Structures are given as C-alpha cells and as structure tokens.
2 protein chains.
Amino acid sequence: MYRTHTCGELRIENAGETVTLAGWVQTVRKFGAITFVDLRDRYGITQLLFGEILNDQLEANPLGREFVLQVKGKVSERSNKNKNIPTGDIEIAVDEFKILNKSAVPPFTIQDDTDGGDDLRMKYRYLDLRRNAVKKNLELRYAVNRSARNYLHENGFYDIETPFLIKSTPEGARDFVVPSRMNPGEFYALPQSPQTFKQLLMVSGYDRYYQIVKCFRDEDLRADRQPEFTQIDCEMAFVEQEDILNMFEGLAKRIFEDVKGIDYTDAVERMTWEDAMWNYGNDKPDIRFEMKIANLKKPSSVYVNKTAGNALIDNANFVVFDSAETVVAIAAPGCSEYTRKQTDELTEWVKRPQIGMKGLAFIKCNTDGSYKSSIDKFYNGERLKAIADAAGAKAGDLVLILAGNEERTRKAMSELRLEMAKRLGLRKDNEFKLLWVLDFPLFEYDEEGNRWVARHHPFTSPKPQDIEVMINNNPAIEDAARYLDHPYANIKANAYDIVLNGNEIGGGSIRIFQRELQEKMFAALGMSKEEAQHKFGFLLGAFEYGAPPHGGIAFGFDRLCAILGGSESIRDFIAFPKNNSGRDVMIDAPSTIDDKQLEELQIKLDV
Amino acid sequence: MYRTHTCGELRIENAGETVTLAGWVQTVRKFGAITFVDLRDRYGITQLLFGEILNDQLEANPLGREFVLQVKGKVSERSNKNKNIPTGDIEIAVDEFKILNKSAVPPFTIQDDTDGGDDLRMKYRYLDLRRNAVKKNLELRYAVNRSARNYLHENGFYDIETPFLIKSTPEGARDFVVPSRMNPGEFYALPQSPQTFKQLLMVSGYDRYYQIVKCFRDEDLRADRQPEFTQIDCEMAFVEQEDILNMFEGLAKRIFEDVKGIDYTDAVERMTWEDAMWNYGNDKPDIRFEMKIANLKKPSSVYVNKTAGNALIDNANFVVFDSAETVVAIAAPGCSEYTRKQTDELTEWVKRPQIGMKGLAFIKCNTDGSYKSSIDKFYNGERLKAIADAAGAKAGDLVLILAGNEERTRKAMSELRLEMAKRLGLRKDNEFKLLWVLDFPLFEYDEEGNRWVARHHPFTSPKPQDIEVMINNNPAIEDAARYLDHPYANIKANAYDIVLNGNEIGGGSIRIFQRELQEKMFAALGMSKEEAQHKFGFLLGAFEYGAPPHGGIAFGFDRLCAILGGSESIRDFIAFPKNNSGRDVMIDAPSTIDDKQLEELQIKLDV
C-alpha cells in the first residue's frame with residue numbers, strides 16, 4: 001500500500017499515529033540539521049520533518065521539486081502552526097522515505113502565478129494541470145457536471161448515448177468527416193450536435209433525454225471556440241415553451257446552488273429578442289446593470305413593435321444625426337466630470353476598427369443641473385435635457401450618443417455599454433444574473449446566397465400564430481433588397497436562449513413535429529424534395545409514425561463553466577484544449593499518417 | 001400545458017379529479033357504443049373511456065394505433081379492474097380529445113414479440129425503440145450508468161473529459177482518422193481509448209479519474225462488436241494491484257445492488273491466467289459451474305507452474321493420445337446414459353470447423369460402478385476409472401475427452417465445457433459470478449511479424465519480479481520457433497481482467513511510470529527510439545517530471561449492460577447501433593460527401 005492517508009487528511013487528533021503518505025515535493029527548506037518538506041497531492045499539503053538522523057540518506061538521495069516521495073512517520077503537533085491550511089496543526093516526523101520517481105526541473109513554476117507562457121504551458125499541459133488555478137477549474141467543471149446530472153436525474157431525464165459516427169448534412173459545411181475502411185469512398189461525419197437523434201428519441205417515447213456530450217465543428221477558431229466542445233443536451237416531449245423555461249432555469253439555479261453556494265430565488269427575467277436588440281443592442285444583454293439604450297430615431301421594419309419619433313433630435317440642422325439611420329444614447333452613471341482627455345479616449349475607442357464608428361457625441365449632465373455637450377451648437381439646454389432624460393440620465397451622468405448605419409451603430413452601442421459598465425465596476429464576477437431571450441426571428445436572409453437560412457436550425461418551430469404565414473407563403477423573393485418586406489422576415493421562432501451575465505449559455509426551441517411543416521421548412525431553406533429526403537428522410541419518416549410535440553435545449557458546458565469560474569476563456573476549463581489552429585501541441589495532433597493507412601482508406605492527399 | 005399527469009401516475013385515490021393526459025394509442029376496442037383506448041407513454045398505460053356522446057367526433061377523427069392523443073376527462077374507478085398494471089384500478093372518462101399527430105401503420109408491430117426482422121427494425125429504429133423490450137434495455141443501461149457514477153463519485157473520482165481528436169499511433173492500425181481542414185494533409189485520430197490521457201492526468205496529480213466515454217475502432221465487426229463503443233474508463237494513482245481489485249470489485253457489486261437488487265457479499269474469486277487456461281481452457285472462465293478440465297499430458301512450457309504426467313493414458317498403444325500434444329477431459333454431470341445418437345451428435349459438434357477437432361472420446365461412468373467407453377479397446381475398467389477420477393467424474397457422469405494440438409484442443413474443450421453447461425442448464429441468466437484473472441503474460445509472440453507484441457498494451461507494467469528480466473535481456477531472437485525459450489515468454493504482466501459469467505467485462509493494469517522502463521518496452525516491441533519519441537514523446541516527457549505509480553481499468557459498458565440484461569447481443573443495449581458492416585441503416589451512414597467538401601479537406605478518393 002502506497003499510503004495510509006492523503007496529504008489533506010491528517011489533523012491534530014491523529015497526533016501519535018504512524019502513517020504513510022505519498023505525494024509530490026512542493027518545497028524543501030533546510031534549517032540547520034533539520035529539513036522541512038511540503039508534500040502535496042490532490043487533497044492538500046502536509047509538512048514533513050526530516051531529522052538529523054536522515055541527513056546521510058538525504059545527501060545520498062537529494063530531494064527536488066516535483067519529486068514523487070513516499071514517507072513513513074509519526075504525526076506530531078507542530079510548534080509553528082499554519083492556520084492557512086487544514087493540516088497546518090501537524091507535521092510528520094519522518095522515519096523512512098523512498099523516492100518513487102524523480103523529476104527534472106519543470107520548464108515553468110508550478111504555481112498560481114506561473115512564469116510559463118501560453119505555448120509552453122500547453123506543450124507541457126500535464127504540468128500546467130498541476131497548478132492550483134487549473135485544478136480548481138477542472139474541479140468546478142466536475143461539480144457542474146455532477147450537479148446537472150443530479151438535477152436531471154431527479155427530474156426523470158435519462159442519459160441516452162447517441163452515435164458519434166453519423167451522416168454529413170447540408171448544414172454540415174463545417175462537419176468533420178471520417179473515412180470508412182469498410183465502406184471505401186464513404187464517410188461518416190462527427191456530430192455538430194445530437195439534434196436529430198434526440199428528436200427521434202422523443203418520437204420513440206423516451207419523454208425526457210439528456211446527455212453531457214462532445215460535439216464537433218471544423219471551423220476557423222476564435223479565442224473562445226474549440227473544434228470539440230461539450231454540450232449539456234436535453235429534450236422533452238409533450239412540452240410547450242413555458243415547461244422548458246421552468247425546467248431549465250431550475251437547472252441553472254441548481255448549479256448556482258451546488259457549485260457556487262448561491263441561493264438564486266429571483267424569478268428569471270424574460271425578454272423578447274426585439275426588446276433585447278432595441279434596449280441593449282444585442283441578443284444576449286448583460287442585465288446585471290441598467291444603462292438601457294435610448295432610441296432617438298424611427299426604427300427599421302425589423303422592430304415591428306417599436307415606435308420612436310425623431311422629435312428629440314430633428315429640426316436641429318445637425319446633418320450627422322439627420323442623415324443617420326439610427327441614433328442611440330446611453331447614460332454612464334457618475335461620469336459627468338470626465339475630462340476632455342477621457343472623452344477623447346472614449347471617442348478613439350469607438351473609432352477603432354472593431355467598433356467602426358465615426359465619432360461619439362456626449363452630454364454632461366452636471367450636478368448643478370446644467371448640461372454641457374459636444375453638440376450644443378445644435379441643441380440648446382432644454383433639448384439636451386430632453387435627450388438626457390430619454391437615456392435615463394440623472395445629474396452627474398454622462399450621456400453617450402452614437403449615430404450611423406442601424407446594425408453597426410446598435411452593435412457599437414452594445415459594446416460601448418459593456419465597456420463603460422466594465423470601467424465602472426458594474427460587471428461583478430460574483431454576481432450572476434440569468435435572462436431568457438425569446439421570440440427570435442425564425443429566418444435570416446443570406447444576401448450572398450439570396451436565400452433564407454434558419455437562424456437556429458431547420459428543426460425549430462415557428463410561433464403558433466406564424467405557422468399559417470409560413471405554410472401559405474412562397475419563400476421566393478425576386479429582389480433581395482426587398483427581403484425585409486417578405487412575410488418570412490417577421491416570422492418568429494419558438495426559440496429561446498438563456499443568457500448569463502451577457503453570455504449565451506444555452507439555447508433551444510420547440511421543434512417542428514409534423515412532416516408537412518418540416519417539408520415546408522426544408523423548402524423555405526431552398527432544399528429540393530429529393531435533397532430533403534436524401535439527408536433527412538429518416539426524420540421525415542419518423543414524423544409519420546406518431547411524433548409527439550417536443551422541444552429542448554443545449555447548454556454550452558465549456559462556456560458555462562468558464563463564466564461560473566469567472567474567466568473569459570473556455571480553454572482554462574478544458575483538460576486538454578486545442579490552440580487557435582485546432583492543434584493539440586502537447587501530443588502534436590493533427591499529424592501526417594502512414595501511406596499504408598491512406599491506402600487502406602482508399603483516399604489520397606491532394607495538398 | 002400538454003398534460004397534468006403521465007400515463008403511469010393515476011391511482012384510485014385520484015378518482016374524481018379532472019386530468020389531462022397525452023400519449024400514444026396502444027389499442028382501440030369498441031364495445032357497442034363505448035370505445036376503450038389504452039393510452040401509453042414512458043411511464044405506463046392508462047385506459048380511456050370514450051362514451052357514446054363522442055362517437056360523432058370519433059367517426060370524424062378516427063383513432064389508429066400509435067396516434068398521438070391528448071385527452072381531458074375525469075378519473076373514475078373501473079368496473080373491470082386490471083391487476084397487472086399500476087393504473088389498473090382507474091380509467092379516464094373522456095370529455096374532450098385532440099389528435100396531436102397521426103400515425104401511418106407501423107412496418108412491424110410495436111410489441112415484445114414483434115413480427116419485424118432485424119433489418120426492418122434497424123431501419124425504423126425509432127419505432128423499435130418504442131418496444132418495451134428495447135426500452136427496458138436502455139433503462140437498464142441508464143441505471144448502470146447512474147450507479148457507476150454514484151459509486152465513483154463517492155470514492156473521490158472526478159469525471160474529466162479527454163479529447164476525441166487525438167493522434168494516430170502505431171498501435172493505431174485500426175484508428176479512425178479525421179482529416180483537418182485547418183491543417184491540410186494532416187489527420188486527427190479518434191481514440192481507441194483515453195489511455196495516455198488518463199495516465200497524464202495521474203502525472204498531473206488528479207489521483208482518481210473516470211469517464212464513461214465513447215471509443216472507436218475501425219475493424220471488421222463481429223456480431224458483438226461496434227465501431228463505436230462505450231467504456232467506463234478509470235485510473236488511480238499511488239495504487240498497487242490489490243487497491244484496484246478492491247475498488248473495482250466494489251464497483252461491480254454496487255452495480256449488482258443498484259441495478260439487479262442483488263446483494264453480492266461473496267468474496268470475488270481470483271485466478272491466475274495460467275490456472276484459468278489450465279483448468280478451463282480459456283482466460284475468462286465461467287465459474288458459475290465446475291466441470292474443470294483434467295490435463296492428462298505433460299504441458300508445454302507456457303504452463304511453468306503446472307505438472308501433469310502421462311501416466312493415466314500412456315503405454316496403451318493408443319496412437320491418437322500418444323501422438324497428441326494435449327489430451328484433456330471434463331466430466332458432464334448426469335450424462336452417463338447418453339444414447340449413441342447423443343454421443344454421435346456431440347462428436348459431430350466438436351468436428352464442426354468452428355471447433356475443429358478430429359473426434360471425441362468418452363467414458364460413461366455408469367451408476368452401477370462400471371465404465372463404458374469409446375476407447376475401452378485401449379483402456380481397461382481400472383484405467384478408465386483413473387481417467388474419470390482425474391476429471392472429477394462421479395457415478396452417472398459422462399467423461400468427454402479431446403486430444404490434439406495444444407492451443408486448439410484447449411480452446412475446443414473450453415467451448416465444449418460451455419456448451420455442455422448450457423445444455424445442462426448450468427448457465428443461469430439470473431446468477432452472477434465475478435472472477436478476477438491475474439498475471440497475464442506481458443508479451444505475445446507475433447510469428448508473422450517475427451516480433452513481440454504487447455498482450456494488453458505497451459503501457460502495462462511487468463510484475464515487479466520480472467522487471468529485471470525485461471531490462472536485462474535483449475528482445476531479439478534469432479529463430480521464431482524458439483521464442484518459447486526466450487526469457488520474455490514467461491514475463492508476467494501486472495494486469496487483470498474482471499470476468500462475469502464467462503465474459504470479460506473489464507480489464508486493466510498497473511502502468512509503467514518510469515521513462516527508462518517505458519523506453520525498454522517500446523524497444524521490446526520493435527519501435528525505434530525515434531519512432532517512440534515521435535509517437536509517445538509527450539508521455540515519455542511526462543514521466544520525467546515526477547510521475548506517480550498508477551494503474552487503472554476499463555469496463556466494456558455495452559457488454560456489461562448486455563450481460564446484466566441477460567442478452568448475448570450488445571446491440572440490443574445501444575440506442576442507435578451499427579450493423580455488421582459498420583452502417584447505420586436508419587440514417588444511411590456512412591455516405592458519399594460532396595466534391596466541395598473533399599476539395600476543402602484537400603483529399604481525393606482513390607477507390
């Protein structure tokens with residue numbers, strides 16, 4: 001037996017016991033004839049005391065950092081207690097020791113603040129994983145995993161495994177494919193999600209399904225994307241949207257409770273996609289703070305339920321606002337005393353290519369009730385007050401105004417809002433605020449391909465009131481410029497995203513479950529009958545044999561963990577992540593394969 | 001809301017309540033003006049009663065099997081109670097109904113004894129999955145999954161996800177490979193197991209790891225193999241074999257308890273590989289029954305610890321036995337009165353090509369104490385008795401004797417033993433008997449390749465006493481025929497299999513954790529230093545930075561479920577299995593992919 005106890009286990013009550021421990025040498029400190037060693041394992045750190053009698057042996061077998069050590073000795077009360085660690089009251093007076101394995105000097109320090117750069121840490125990921133910071137992340141990940149499984153189990157969900165070797169689909173432009181040795185010339189695809197299989201399980205009557213499952217997407221990687229990623233994938237039968245929202249905000253709350261010790265009793269806010277875009281400029285607003293966007297101009301037809309006049313800004317001969325499609329404002333609380341340097345810096349910030357605005361107007365709402373503005377040549381105090389009031393500004397606030405093309409301006413204002421909140425400390429790591437965003441558009445128009453594409457995926461159901469609109473209208477439009485007037489442009493989906501602190505952590509929809517409507521959807525997306533049958537014949541077939549109404553959701557497990565762990569990067573929460581080129585630099589994959597392997601697969605390189 | 005209750009939930013206590021149910025129409029029966037419908041969902045079946053008043057509506061909307069139906073009505077006590085189902089005391093007097101979806105007539109009956117053949121059921125797997133028999137299997141699978149996770153959690157294991165897109169290795173002749181769009185000409189491989197990653201996690205100090213994880217092998221499929229299969233994959237640091245055996249027989253026992261309600265209190269038997277081969281002719285003996293093999297001849301040098309003389313059979317001028325490498329016998333209990341027809345049939349059975357023996361000798365141990373034998377021309381009663389005694393035969397038993405080439409004969413006797421046990425009803429579905437098989441040979445000799453191969457895998461450690469043998473001897477042998485005399489032939493591995501009712505359900509080993517020994521192992525397997533570095537440099541590197549002693553095990557999850565469910569076929573326990581050609585006939589995968597996809601991947605077909 002290598003150990004009787006772990007390095008996190010012994011307490012003052014164990015004093016006098018003879019124990020065997022094994023672990024890694026964290027530090028070696030010599031005080032005269034005595035040597036102290038901190039021995040580390042997953043469970044903690046225990047101090048070892050090597051007395052003078054062992055000095056000869058220590059000299060013959062010197063200990064180094066990260067050596068694997070086994071010791072036998074007696075638990076003793078420490079004279080110099082360490083209150084910072086649970087084992088700090090005791091130490092082991094070592095009688096015997098054995099070096100189980102040596103260690104070369106690690107290429108970077110195994111500490112929270114390591115001196116290792118990203119590349120080096122990824123190459124030696126097995127050492128990076130020893131660092132407490134990374135260990136805590138993976139422990140959190142497992143806690144989320146366990147919490148989710150418990151909740152779903154208690155609510156009658158079955159974990160049912162769906163296949164990894166499936167079929168490439170038209171939505172599968174980014175499919176990873178796998179040549180089949182037994183079926184030369186043919187390929188499997190790795191799933192981007194178990195979507196159709198979980199729907200089939202509903203058709204089969206399994207009622208409640210879940211999986212914590214790897215999914216794959218072969219696309220250019222941004223910093224926060226991985227070619228393989230994990231979803232908490234769920235589906236329920238005989239449900240309406242309301243049932244899904246209740247069940248899965250329950251899941252999120254349970255995870256907060258189990259993992260963060262947070263009792264999230266507030267009702268989860270709900271917001272339509274239109275409101276989110278209108279008030280926050282994006283479909284995953286961070287609602288830990290207010291700073292809603294004031295719309296100062298009449299909206300485009302996308303915002304069917306919104307009205308806004310131009311009264312606040314027109315008739316001022318200010319050509320920038322007059323010629324802009326969109327003019328929007330926010331109030332930054334307590335910023336009225338920003339210096340010229342500070343407002344200039346903000347202006348430069350919005351002019352960066354990532355944001356792409358031409359400039360920034362502002363109104364200082366001074367504490368004495370007066371208004372000072374970069375546009376007071378065009379607007380008098382009364383008008384400035386009216387604009388500031390529309391943005392919800394109070395005395396002491398700074399109103400920031402952007403103008404320009406609708407889509408870009410709205411997006412820029414969303415970014416500016418988040419940036420200001422960050423600078424003002426309003427985005428707190430330990431505050432968590434959930435939000436449902438509902439009623440997404442069902443379609444988006446792909447101007448390049450001149451066709452409708454599914455915003456979510458082609459299995460998403462339209463809102464009940466829009467089903468007739470979809471069935472009774474032909475998707476074709478003669479003129480791409482007029483797509484906004486097509487009835488399809490305003491069809492809303494029975495879809496929902498769950499947003500945490502400004503990040504989409506999950507999304508789903510009530511699905512189409514009737515063959516006719518599903519065929520109409522495929523047709524709307526420009527798929528021929530033959531193509532639909534070839535790619536999704538099994539699903540259309542399944543819908544003919546008593547498919548129940550159903551819907552589901554998938555949580556992005558990596559991102560959820562990252563947010564709960566207070567990090568921006570999902571990579572920190574994955575044991576063996578890939579880099580931005582999709583490479584695992586530790587094992588050096590992908591790599592070339594033998595000609596013999598290619599031959600057996602009956603494929604050739606064409607590089 | 002689609003339902004207030006499930007179809008398995010209502011009891012006599014609910015009588016008088018107005019409820020809404022939704023589910024599938026299992027049966028429709030008309031009695032005069034009344035229509036009875038059995039409504040089915042995952043949770044059970046509830047009887048619906050449609051009174052005369054609904055007849056017009058039913059005529060306008062006739063119900064058929066597998067229609068999806070929603071009804072609202074009152075829970076009433078049944079006059080004609082059905083004691084076989086939990087809801088059998090009540091029925092729903094239907095007030096309103098709505099057909100949520102229709103169903104075409106299914107291509108086979110959705111019943112335990114379906115009329116659907118294998119191919120049809122696989123094509124319409126979503127309907128097959130509705131059958132109670134299949135549903136029970138997947139429920140059992142989930143119960144095993146849940147039980148294993150709970151046990152491993154309680155024992156401090158973390159579920160840590162390892163990557164699916166890894167690197168092809170030399171042991172990877174059967175790797176599935178995945179071309180990378182971002183790295184043209186290079187390929188990932190899908191893991192045959194997370195072996196090296198779980199070892200790295202031990203090096204990283206995670207101490208106890210597990211995963212229930214898909215693995216992949218692109219090989220010719222036997223009836224009980226799948227290209228993608230699931231393992232319960234586990235690894236522990238600072239353990240010896242004894243720790244592993246205790247931990248994982250505990251897991252097996254917990255699964256018996258949770259899933260089958262069996263309190264498995266017996267100690268789990270342990271047997272060396274040599275004993276298993278010697279006494280049962282195979283390395284995964286079914287020990288629910290005895291029928292040990294008697295060895296009547298001196299063994300080959302593989303059986304270093306075994307001795308057997310030829311005294312019982314020699315000097316009889318029986319050339320078949322004299323010329324045979326191996327002569328083995330078993331006693332079939334209570335079969336002494338087999339007719340000539342029965343023994344002839346058994347003889348034919350062993351002569352089938354799958355078994356490949358030339359004949360079968362037998363000794364009837366008559367109840368009157370006399371012996372009758374097919375070989376009594378060569379052996380008198382006294383000698384027959386001596387042979388029968390060696391096989392442990394009692395009066396009334398039938399001794400069966402095979403002779404021939406060692407390997408084939410031993411294997412044939414193992415098959416014959418299982419066959420006789422089956423015929424005699426000794427292999428009971430509801431009896432479960434675990435067995436550890438220990439001390440496997442570390443190497444096997446590949447005569448074709450003229451080299452040693454790892455019997456388990458190249459990370460398996462030799463038994464401590466054999467490490468010196470391995471390090472101090474050169475693997476090279478001049479003459480393949482003399483490999484049995486090479487010191488490597490008798491090196492035993494620190495490896496163990498766990499066997500349930502004659503099936504290997506898991507296997508593992510204590511791993512090599514020293515770089516020097518791992519390099520020696522790669523060299524022993526004929527790998528050059530460069531090749532070892534190229535393929536496994538990351539692991540060799542990891543061993544330099546304080547690798548702890550560690551070991552693990554992987555359970556074949558599909559097979560474990562099948563055995564617990566009393567089935568021979570793992571396919572029955574997989575939601576969406578592939579057929580013997582590796583095809584998913586439901587979705588029709590694998591399939592051809594677009595030229596555009598091939599182009600982007602920069603590969604060409606070479607079919």
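Let me start with a term: a residue is called buried when its relative accessible area is under 20%, exposed when that value is over 50%, and partly exposed in between, using a 1.4 Å probe and protein chains only. What we are looking at is a predicted model, in which local features need pLDDT of at least 70, side-chain atom pairs count only at pLDDT 80 or more, and totals for chains, interfaces and linings use all residues. Residues are numbered from 1 along each chain as its sequence is written, chains are lettered from A and ligands numbered from 1 in the order in which they are written, and side-chain values use heavy atoms, with hydrogens and water left out.

With that in mind, please look at R3(A), which counts as buried because its relative accessibility is 12%. Its side chain makes a polar contact of 2.7 Å with the side chain of D207(B), where a polar contact is a pair of N or O atoms within 3.5 Å, and within protein one must be able to donate a hydrogen and the other to accept it, residues adjacent in sequence counting only if both atoms are side-chain atoms.

H456(A) is in contact, meaning heavy atoms within 4.5 Å, with residues including G507(A) and R511(A). Finally, the side chain of R511(A) has a polar contact of 2.8 Å with that of E235(A).

Definitions and conventions:
Lists of a residue's contacts leave out its neighbours within four places in sequence.
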